[in-house]
Amino acid sequence: MWCLVAVISLLLFIFNYGRWSRLLNRLGKEFKTLRVYTLLFYTVATKYKRSVCENFDQLVATHPQKVLFYFQDEIWTSSKVKEESNKVSLYFESRGYRRGDVVAIMLDNCPEYICLWLGLAQIGVVPALINTNIVKDALVHSLSVAKCSAVIYGSNYGPTINDIAKQFTNLEKYQLPCKTADEGLSGEIDLRTELRNIDPYTFIQKLKFRRNDVLMFIFTSGTTGLPKAALLSHAKYSLLSSTAILLPPNSVIYCPMPLYHASGSVLGVGQALIWGNTVVLRKKFSASNFWSDCIQYRCNVAQYIGEMCRYVLSASDDKKINHPVKIMYGNGLKPHVWRQFNSKFGIERVLEFYGATDCNGSFVNLDNKVGSVGYIPNFLKSLMGIFLIKYDPNTGEPIRDNNGRCIKCSPNEPGLVIGKIRSKVAVDGFARYLDIDASEKKILWDVFVMGDKYFITGDVLVCDELGYFYFQDRIGDTFRWKGENVSTAEVEDIIWKTTKLNQVNVYGVEIPGAEGRIGMAAILGNDDKSQLNILAKEFKSNLPSYAIPAFIRVLESFPITGTYKLKKLELQKEGFNINVIKDKVYILSSGKYIPLTKEIYNDWKTVIKIVCTILFLTALAKYRFLYILSRTWKRDFRTYFRICKALPIFIKIKLSQKPVYYYLDELARKHPQKTAYIFEDEAWTFSAVKEFSDKIAIYFEREGYCKGDSVALLLNNCPEYVCIWLGLSRIGVVAALINTNLANDPLIHSLNVAKCKAVIFGENFCESVSSCVERRLNIKCYQYNRKSQTTQITENCTDLAKSLDSVSPDERLSNYNITSTDPLLYLYTSGTTGLPKAAVINHNRMILVKSFIALLISNPENVILYCPLPLHHGGGGLMGCGHALLWGATVVNKTKFSASNYWKDCAKYKCNVAQYIGEMCRYILSSCPEDNIKHPVKVMFGNGLKPNIWKVFQQKYKISQVFEWYACSEGNLCLLNLDNKVGSVGHIPPYLQKYSSLQLVRYSEESSEPIRNVDGFCMKVGENEPGLAIGAIAVNKRFEPLEYTGYVDAHETKKKILHDVFVKGDEYFNSGDVMSRDEIGYYYFVDRLGDTFRLVS
């Protein structure tokens, strides 16, 4: 029992070791961010000490002819804006408006809009920027809560204002007619005419403003109720507009945002008024004209918000658009749209930020990290006063501990964003709403210590261990169903992937008598029943039962706000009440979505039956762990027992850092006369292997070869093959094991890619090598003829066998300080996807075979292994030879595999263990059909054995144990089938799966690339679902069980690495193999991706 605990503890430590290393690697990034924040606050400090009016006056004095705004065919310089705003100040001052009065503005986007609120602000009158989409009660509420004395509106909003005018007794109305309009006004004051006759150079009494004085009222969008008037101070306006620091000087910024919104009037217009950039205004956002406007005005920067980028994507055809935009900034860009947008339109940098009009904490994504809304180094979070705290998804309220204090979230845990309110710091103070009750609801008291207070945003974010923030949901978007949290973003992502519908809304609705909210999805105009049933299958495969939407509502159009945000509250209130909803609603029943009729709705027994089914499945899922454990505990115990035997060997190998030849030298010292290799009728002892390898090392050192050089080896199977690469490793020379089937261009490529200085070849390859020498003259050739061979030495080649005769194995070598991390061999991939790639095999990788062998076989030193595999292959060169070099076993090798002689050889040499690969077993079955073949083999190991062959082979030839394994030469994935499960390549207990480096993720059959979710992360497959096999790459390699060593070609190495797989910053090796996993943890090889296939081996 204690051994089992020790093994599990060590595995947990190994698999999580890399997380700490990744944190250390972020130090450079954090210092860079700190420098940016320091520059930001230093620069902004000079601006927010002055009012917005004073900053603008300074800009006009410095750059009077600077173009601030383009609007249609109009050009507005800083002087013109100043003149028009002065007219507004003088006119309203003459009308008796004084400091503290409030005037509402309800206009479409135009430069006059800016002049109006700026002119009012100059005399201390507070402009209230009214959402142009609201009518009736919402408009009356907005004017009332702001206590507006007057309203300035465009002539197109005349009917809207007249509808509510009777509810106000002292509301003055100023209409700004369109320039082309000539209709008469019904009692309203024509503001355009009034302003035309005012001299802008008349003296205006300049008021003194404090930085916390109110500049304007901006209303929240009303997604969760009636609009609330947020107070925006002069200081906060300057701070929020400081995006300019991150933009090139004198940028031309495209701003299609509504000016009643902070994104338009602050983040857009502020770039001009405070920082002197040029801003292009548009009356209303148009997706089809987005790029044509940017091209017309030569914009190098553009703004976005909400769903705008998705609309632009949908409106654009496949033609390449040549536009000047390099940078975009804004918020609300979903990760899957982000990637498509950047890829299609070639945007170099996206500055996604998090913030809100009423929020006292904001941050920005400075390094173009897809999906992230910003980054704050962990050591700056306390200074900035921004934290994520745990909350109750049902109520939206923070969760407190036994002392009544809030609880900070762990990395990657969703939490409620709060910002510390510090009245002494201008930009930290929560400016509140005009509605005192609404303001108090946004303040959280006694959060971490008694008396502290924080602004509560109502947004749910996730912060990873590195400090990147990701928007998760808004309160109300996450709901709780029967004790389980449901993330709407996860469900929406599956709907989007399945239906390709960009407009999707998932929310929770109440069911009378049931706890929490059950899931409901609203989609746009697609009630195809077959599509809905496909969606139901996807839900079942990808979501826990409690997260599957019980209802789907098909809408003709989505209710949205003026800033393109979806109104969820409206949908939530209507729920699935078919008596109120005119749209089609479907209910999940028996795994399919069926129309929800009034009869079903009014029959609550039917609905309750469906709900009870979902509850039953949820409860069943919680006890599944015990069910699996009851089926696998014997298997798992046997596995842990084997691991306990092999673990000390693994730890010793990792700590010793010894090279491969060290283990051979020890065996030669202890068992000099024991047979290491049998080849045909030759027997090579360990002392003979050591002597030959020593000669190779001494000779090539004399020839001038040294550590870091590479020499190609092109020989058929023979004992000298192992001795040669082993001898080269003693002086740090890497042997490139060339596939003996190669010739011409593939052979030349193999020599070039490994940068080989020489090639050692046998008599069968004279012609191939000579052809290469003619085309590649800077390589030295050594021909090795075995004593039984009489072929003459090729011209211009060195006779290696003869040269070695004059070498004494007793000569001392220089000390090359070879360690287990140094490269030992280059093994070439089979070239199924192109020319061969040279995979790097270091000493450590070869030595780890020793611990793998300990997992497979008891007393491996007593094994006589039959290995008919080619030695240039990993199966023969590593797993086969490793038995002799590392354990002292005897290995029987053949020149080439022969199916008809397989059992004869095993019987002749008394082999008790045999090796296979690929289709060998099928060939043996075909060549040896007779029953009762006598042989001593009890154990076989290898890979590529198909299940139908496996059963017949094992029964026919009475093999006690078959150890099928999965691995790849350069990768970090390895599985061993230790319990003879037919068809499986190995197993990992389900309860240890999340700690394993091996994961299976979904992939696209078309592109062979992993499929990512809405947050940009890969998605794990379900049980029995084929998935791409990937392996986690640890930052610290020392305790990584099997590291990714890559290829000689660095470009090829990078191509096999996946980034940001499950969390930001992680890396995984992409094997290119498709596997599946059953419910009890067995893995099965399915296929190779793309056009790659396997023939023989």
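Exposed means over 50% relative accessible area, buried means under 20%, and partly exposed lies in between (1.4 Å probe, protein chains only). Helices (H or I, at least four residues) and strands (E, at least two) are DSSP runs, numbered from the N terminus.

A word on the model. It is predicted, so local features need pLDDT of at least 70 and side-chain atom pairs count only at pLDDT 80 or more, while totals for chains, interfaces and linings use all residues. Residues are numbered from 1 along each chain as its sequence is written, and side-chain values use heavy atoms, with hydrogens and water left out.

What does α23 pack against? Helix α23 (residues 660-670) packs with helix α30 (residues 874-887). The angle is about 60°, and the axes are 7 Å apart. That makes α23 oblique to α30. Angles under 35 degrees count as roughly parallel, over 145 as roughly antiparallel, 65 to 115 as roughly perpendicular and the rest as oblique. Axes are lines fitted to C-alpha atoms, for helices over the stretch in contact, and angles run from 0 to 180 degrees between N-to-C directions.

Look at the residues in this packing. From α23 come Val-660, Tyr-663, Leu-664 and Leu-667. They meet Ala-884, Leu-885, Leu-886 and Trp-887 in α30. Contact means heavy atoms within 4.5 Å. The residues of the α23–α30 contact divide into 8 nonpolar, no polar and no charged. Here Ala, Val, Leu, Ile, Met, Phe, Trp, Tyr, Cys and Pro count as nonpolar, Asp, Glu, Lys and Arg as charged, and the others, Gly among them, as polar.

Tyr-663 and Leu-667 are included in a core of 87 residues, along with Phe-679 and Ile-698. The largest nonpolar core has 95 residues. A nonpolar core is a set of buried Ala, Val, Leu, Ile, Met, Phe, Trp, Tyr and Cys residues joined through side-chain atoms within 4.5 Å. In the largest core, Phe-69, Phe-92, Trp-117 and Tyr-237 have the most contacts inside it. Helix α5 (residues 111-122) gives the most to that core, with 8 residues.

After α12 comes Arg-298, whose phi is positive, near 55°.

What about a buried lysine? Lys-236 lies in helix α9 (residues 234-240). Lys-236 is buried, with a relative accessible area of 11%. Not counting residues up to four places away in sequence, Lys-236 touches Ala-356, Thr-357, Asp-358, Cys-359 and Asn-360.

Lys-910 is a lysine in a loop. The loop runs between α31 (902-908) and β40 (913-917). Lys-910 is exposed, with a relative accessible area of 62%. Its phi is positive, about 55°, although Lys-910 is not a glycine.

Val-125 sits in the loop between α5 and β4 (126-129). Val-125 is buried, with a relative accessible area of 1%. Its C-alpha is 9.0 Å from that of Phe-92, 33 residues apart along the chain. Leu-1028 lies in strand β46. Leu-1028 is buried, with a relative accessible area of 0%.

Finally, step back to the whole protein. The secondary structure comes to 34 helices and 49 strands. Buried residues make up 57% of the 1097 residues. Of the contacts with a separation of 6 or more, 70% join residues 24 or more positions apart.
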